[in-house]
Amino acid sequence: MKWSGRRQSDNVEDRRGMSSGGKTIIGGGIIGIIILLLNTFGGENAQMLTPILEQINQGQSTPTEQRDLTAKEIEEQQFIKTILADSEDIWSKIFQENNMQYSNPKLVLFNQAVETECGNATSASGPFYCPADQKVYMDLTFFEELKTKFGAQGGDFATAYVIAHEIGHHVQTLLGTSAKMRQMQEGKSQAEANKLSVALELQADFYAGVWTHYNQKMNNFLEEGDIDEALSAAHAVGDDAIQSKIQGHIVPESFTHGTSAQRKAWFMKGYKSGDINQGDTFAEIR
């Protein structure tokens, strides 16, 4: 992706140069795998982390420390700021075209653990969006895990896709879709509630595709292979792919994010159409 030398967002908060004081959460080993399985691309489900993580919080105190970012971290930060700036420009345009007002979210980069308005989380949760503070949280080590453990192709546009997916959850919050989904889940069985969660996640993939469409149409920033990188990441984080990798079999009624095929299909629908009105993923479960 062509990103060097372009506008960078001021809405990125980089906490990687500091360690948080007070209590930290321990979520490694099998606990980390379980959380990753439940919450890859956390989205609105990030709120589910709080009770789980509080149970395993060891209450260890750590002193607050600060260090300079490495050259690699600075380059990563610049890339993230550029992608977020693209997101701000594109979603502001889309909202304006639909007679709506877009408000920019913030994006927080962290290492190991982070405190949010949705509760505390660790790197094991994967990237997630917290609607309570309207921030996206990311530990960039996730992308190495995506390649080494889940077989994703990697690349800068794989990262851009993940960011676009999480921004999709911000769009859902602004449009009221997320709140409506939670209301629809009330009184439903776990299997039915999971279907609604899948619809929400697939719509975020669709919005990531819409963002990609506009990015190419307005800016021509995509390069050969970028779409393949996004599709590879989408495939790697499908519920069926993750469950097969972790437990050797799949349990469809427990899916919360959609299959690899669904995630790729909805991303491509958004990319090809560029029309936010074609993203009714909930119609499939009515």
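Mentor: Contact here means heavy atoms within 4.5 Å, and the model to which we apply this is a predicted one. On that basis Trp91 touches Tyr102, Ile167, Val171, Tyr207, Val210, Trp211 and Ile276, with residues up to four places away in sequence not counted.

Trainee: What place does Trp91 have in the largest nonpolar core?

Mentor: That core holds 55 residues, and Trp91 is, with Leu107, Met138 and Trp211, among those that touch the most other members. Helix H5 (156-175) is one of the elements giving two or more residues to the core, and H5 supplies its largest share, nine residues. A second, separate core has eight residues, including Val114, Cys118, Phe128 and Cys130.

Trainee: Why is Thr116 called buried?

Mentor: Buried means under 20% relative accessible area; Thr116 has 12% relative accessibility and therefore counts as buried.

Trainee: How do you know that the side chain of Thr116 makes a polar contact with the backbone nitrogen of Cys118?

Mentor: The cut-off for a pair of N or O atoms is 3.5 Å, and a polar atom of the Thr116 side chain lies 2.9 Å from that nitrogen. The Thr116 side chain also reaches the backbone oxygen of Gly119, at 2.7 Å.

Methods: Residues numbered from 1 in each chain as written. Predicted model: local features only at pLDDT ≥ 70, side-chain atom pairs only at ≥ 80, totals over all residues. Heavy atoms only, no water. Buried < 20%, exposed > 50% of the residue type's maximum accessible area, 1.4 Å probe, protein only. Polar contact = N/O pair within 3.5 Å; in protein donor to acceptor, adjacent residues only side chain to side chain. Core = buried A, V, L, I, M, F, W, Y, C linked by side-chain atoms within 4.5 Å. Helix = DSSP H or I, 4+ residues; strand = E, 2+ residues; numbered from the N terminus.
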